[in-house]
Amino acid sequence: MAWNQPGNNGQDRDPWGGSKNDGGNSGGNNNNGNNNNRGGRDQGPPDLDDIFRKLSKKLGGLGGKGTGSSNSGNPRAPMGGKVVGLAVAAVVVIWAASGFYTIKEAERGVVTRFGKFSHLVQPGLNWKPTFVDEVTPVNVESVRELAASGVMLTSDENVVRVEMNVQYRVTNPEEYLFNVTNADDSLRQATDSALRAVIGKYSMDKILTEGRTIIRTDTQKVLDETIKPYKMGLTVLDVNFQAARPPEEVRAAFDKAIAAREKEQQSIREAEGYVNKVQPEANGKAQRILEDAKAYKDKTILEAQGDVGRLALLLPEYKASPQITRERLYLETMEHVLENSRKVLIDDKSNNLMVLPLDQLMRGGKSGTTTTPSTDMDSASPAPSVTKPSSNVDLSGDSVMDQRRANAQRNDTNRQGGE
């Protein structure tokens, strides 16, 4: 349907309820001036300047004393419009200035737009539209600590009080704020659960003594596995096993048990020290005995080989003169046997065997007394008399053996001359 029908007496009808010649007052249309300037039939888009001008007029009318929509006759209406415009501009400036904020070096800003996560902002000066974006700074460099403690049951059905400290850091601010309700509280609950699970696998003695390192490692491993599916945005840096002690009611008994265990360990260390001290000495003595035995063996073998060689050299002489060689070997053997003896046996080719105690004779000779030697003879034979030896008589064993050897050589010479 056409808006301007022919035969309308030159009056085109406005689709907004007004006509081109009614001055813009019919149908509540205030666009009369604009329509008159457009030639009556121009239906293009509205002018933005005209819209802002009309808005300023309305705001000026509200600021004046008149009650009409157009108070052109009121001289204070333009002044009121300017005041309102300045107020609006001041509000806009304040709103824009309030959007500036600063993020510290160790923090990251989490921006939410109308309550929904938008993006992360880096440290420095930033701007956000107030009442539209909200920024929550999250420290991602500081190391946070969380303490966990409690009375727990061990594998041997004993009760022990354990204290542990967990060090962690925020690595993902978005997950830290939005994936769980309270990431710190969730981590505390997970730590308590992991610690109780690990303590329940070990006996009380091991927890109180040498199992501290194992419990610390196992607790950190279980804690990492527990918080991984929840994506809390946290990273556990270290788990410190601070203290483990029995309840106060039985603490005295456990202190005595620990003291006894320490004394046991001290005794073991002392025994190990004694072993380390004695064993090298025993090994040295054993090695020395082995070396002495080896030397004695080598010495005996060499001496035997020397005796064999010497007998091999004496064999031709023995075949030539058996009696003389036999007697000489006998004398050498007796000389070797009796060289350290202080008594000398003298055979004078008779039935009497005289025993001379040379040690007593020598001591008596020094003191100037005469000692009568004991005799061992047949009862029918008269006892020979022994007088004090003269000063030129040598009663040593070597002299007697030399005389014996000289007599043997003399008899050998006489025998050879008779032959």
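# A tour of the model

Of the 419 residues of the protein, 21% count as buried, where buried means under 20% relative accessible area, exposed means over 50%, and partly exposed lies in between (1.4 Å probe, protein chains only). This is a predicted model, in which local features need pLDDT of at least 70 and side-chain atom pairs count only at pLDDT 80 or more, while totals for chains, interfaces and linings use all residues. Residues are numbered from 1 along each chain as its sequence is written, and side-chain values use heavy atoms, with hydrogens and water left out.

Start with the whole chain in cartoon view. The protein has 11 helices and 11 strands; helices (H or I, at least four residues) and strands (E, at least two) are DSSP runs, numbered from the N terminus. Contact means heavy atoms within 4.5 Å. Among contacts with a separation of 6 or more, 56% join residues 24 or more positions apart.

**Stop 1: H5 and H7**

Select residues 183–199, helix H5, and residues 212–227, helix H7. The two pack at an angle of about 135°, and their axes are 9 Å apart. Axes are lines fitted to C-alpha atoms, for helices over the stretch in contact, and angles run from 0 to 180 degrees between N-to-C directions. H5 and H7 are therefore oblique to each other: angles under 35 degrees count as roughly parallel, over 145 as roughly antiparallel, 65 to 115 as roughly perpendicular, and the rest as oblique.

Now show side chains. H5 contributes Leu187, Ala190, Thr191, Ala194, Leu195, Val198 and Ile199 to the contact, and H7 contributes Ile215, Asp218, Thr219, Val222, Leu223, Thr226 and Ile227. By class, this contact of H5 with H7 has 10 nonpolar, 3 polar and 1 charged residues. Ala, Val, Leu, Ile, Met, Phe, Trp, Tyr, Cys and Pro count as nonpolar, Asp, Glu, Lys and Arg as charged, and the others, Gly among them, as polar.

**Stop 2**

Keep H7 selected. Its 16 residues should span 22 Å at 1.5 Å a residue, and the end C-alpha atoms are 23 Å apart, which agrees; the expected span is 1.5 Å times one less than the number of residues. Which residues of H7 are buried? They are Ile215, Asp218, Thr219, Gln220, Leu223 and Ile227. What covers them includes strand E7 (159–170), H5, helix H6 (204–208) and strand E8 (234–245).

**Stop 3**

In helix H6, pick Asp205, which is partly exposed, with a relative accessible area of 41%. The C-alpha atom of Asp205 is separated by 9.7 Å from that of Thr154, 51 residues apart along the chain.

Next, go to the loop between H7 and E8, where Lys231 lies. Lys231 is exposed, with a relative accessible area of 51%. Its phi is near 50°, a positive value in a residue other than glycine. Most residues other than glycine have a negative phi.

**Stop 4: Phe131**

Select the loop between strand E4 (124–127) and strand E5 (133–139), where Phe131 lies. Phe131 is not a glycine, yet has a positive phi of about 70°. Is Phe131 buried or exposed? Phe131 is exposed, with a relative accessible area of 71%.

**Stop 5: H8 and H9**

Finish with helix H8 (residues 251–320) and helix H9 (residues 322–338), whose axes come within 5 Å and cross at roughly 130°. H8 and H9 are therefore oblique to each other. Leu314, Glu317, Tyr318, Lys319 and Ala320 of H8 meet Pro322, Thr325, Arg326, Arg328 and Leu329 of H9. The residues of this contact divide into 5 nonpolar, 1 polar and 4 charged.
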